[in-house]
Amino acid sequence: MPEPTPPWELTEPEWRKIVGRARAGRSLRPASWPGGARCCVTLSFDADHETGPLRDSDDSPMRISQGQYGSRQGIPRIRALLARHGIPATFFYPAVSAMLHPEEIRAVADEGHEIGIHSWIHEANTKLPQGVERDLTLRSADMLEKLSGQRPVGIRTASWDFSIDTLSIIKEMGLLYDSSLMADDDAYELLDQGEPTGIVELPPEWIRDDAVYFNMLRFSGLRPYTPPSAVEEIFTAEFDGAYAEGGMFLLTMHPHIIGHRSRLPLLDRLITRMKKHEGVWFATHAQAAQWCKDHGGG
């Protein structure tokens with residue numbers, strides 16, 4: 001494989017082509033949300049479970065058990081919390097995670113929550129051989145539909161690793177939305193080399209993700225840990241900003257991370273606080289994306 005061109009030697013057409021891939025187009029933030037609501041809250045859970053170590057070819061029973069915690073304890077607590085509050089959420093499943101826990105994904109879907117694509121085995125798309133990403137993504141969609149009874153309409157790439165081929169795969173599959181890119185706080189339309197695609201981007205962000213504050217690797221010198229109270233403060237500030245602007249508050253969480261006894265209560269308190277605000281619409285990602293596609297960008 002030839003060495004990549006040094007960035008300072010790129011011609012203008014070359015660097016414009018690079019930045020033109022999956023670029024943010026027109027804003028799709030609507031003037032208002034259903035029922036005249038002021039703010040949209042859309043919660044998501046990436047049900048990675050055991051696929052983290054499996055992706056890394058790590059057969060450590062210790063690390064695999066950490067992933068199993070997400071299914072054994074995290075998901076039941078999350079489902080109970082959502083049921084108690086009477087709100088829907090979106091669950092992104094790697095296909096292998098769903099295959100390991102078929103009863104779980106069917107129960108989540110049957111409770112009215114959305115099932116989204118989240119890779120085959122949490123692979124990094126940018127490290128795959130040519131053509132493999134497409135095959136795995138199509139297989140994942142079919143497997144999730146088979147196990148959940150729900151055909152996915154949206155995708156979140158594993159670790160938000162969006163390759164130069166990902167957008168063409170999403171277009172080929174006719175998906176409604178992606179939730180992997182970070183060019184805005186609110187929904188926008190994806191462009192492909194300046195051309196509108198009709199695909200809605202629901203942007204996540206690392207600061208609205210539980211993993212960056214709580215994750216820990218046993219043999220790493222860097223062991224980040226933030227108290228739940230501080231994470232609650234950050235998430236609350238993000239919601240307050242979205243509410244003030246009439247926008248969208250999208251939160252990304254992981255059952256094996258947020259599902260612990262000391263952490264899930266922060267989500268409970270946050271939901272309780274958000275529900276006290278007048279005009280908050282709790283939606284799945286698919287519901288939010290469809291509303292933005294139909295009513296945004298005017």
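In which loop does His 49 lie? The legends below answer this and cover further close-up views of a predicted model.

**View A. His 49 in its loop.** His 49 lies in the loop that runs between strand 2 and helix 2 (51–55). Its phi is positive, about 50 degrees, although His 49 is not a glycine. The relative accessibility of His 49 is 3%, and because buried means under 20%, His 49 counts as buried.

**View B. Trp 160 in its loop.** Trp 160 is found between strand 5 (154–155) and helix 7 (166–173), in the loop that joins these elements. Trp 160 is a residue other than glycine with a positive phi, near 55 degrees. With a relative accessibility of 9%, Trp 160 counts as buried.

**View C. Helix 9 and its end-to-end span.** Helix 9 comprises 18 residues, 228–245. At 1.5 Å a residue, helix 9 should span 26 Å, and its end C-alpha atoms are 26 Å apart, so the two values agree. Just after helix 9 comes Gly 246, which takes a positive phi of about 70 degrees.

**View D. The buried and exposed sides of helix 9.** The buried residues in helix 9 are Pro 228, Val 231, Glu 232, Phe 235, Thr 236, Phe 239, Ala 242 and Tyr 243. Because they cover an arc of only 130 degrees around the axis, they are on the same side of helix 9. Exposed residues Glu 233 and Ala 244 are carried on the face of helix 9 turned away from its buried side.

**View E. What covers helix 9.** Several elements cover the buried residues of helix 9. Strands among them are strand 2 (39–46), strand 9 (248–253) and strand 10 (280–282). The covering elements also include helix 8 (211–214) and helix 11 (264–275).

**View F. The crossing of helix 5 and helix 6.** Two packed helices are described by the angle between their axes and the distance between the axes. For helix 5 (residues 102–110) and helix 6 (residues 132–148), the axes come within 8 Å and cross at roughly 75 degrees. Helix 5 is therefore roughly perpendicular to helix 6. On helix 5, the contact is made by Pro 102, Ile 105, Arg 106 and Ala 109. On helix 6, the contact is made by Leu 144, Leu 147 and Ser 148. By class, the residues of this contact between helix 5 and helix 6 are five nonpolar, one polar and one charged.

How values were computed
Residues are numbered from 1 along each chain as its sequence is written. This is a predicted model: local features need pLDDT of at least 70, side-chain atom pairs count only at pLDDT 80 or more; totals for chains, interfaces and linings use all residues. Side-chain values use heavy atoms; hydrogens and water are left out. Helices (H or I, at least four residues) and strands (E, at least two) are DSSP runs, numbered from the N terminus. The expected span of a helix is 1.5 Å times one less than its number of residues. Buried means under 20% relative accessible area, exposed over 50%, partly exposed in between (1.4 Å probe, protein chains only). The arc is that of the directions from the helix axis to the C-beta atoms. Contact means heavy atoms within 4.5 Å. Axes are lines fitted to C-alpha atoms, for helices over the stretch in contact, and angles run from 0 to 180 degrees between N-to-C directions. Angles under 35 degrees count as roughly parallel, over 145 as roughly antiparallel, 65 to 115 as roughly perpendicular and the rest as oblique. Ala, Val, Leu, Ile, Met, Phe, Trp, Tyr, Cys and Pro count as nonpolar, Asp, Glu, Lys and Arg as charged, and the others, Gly among them, as polar.
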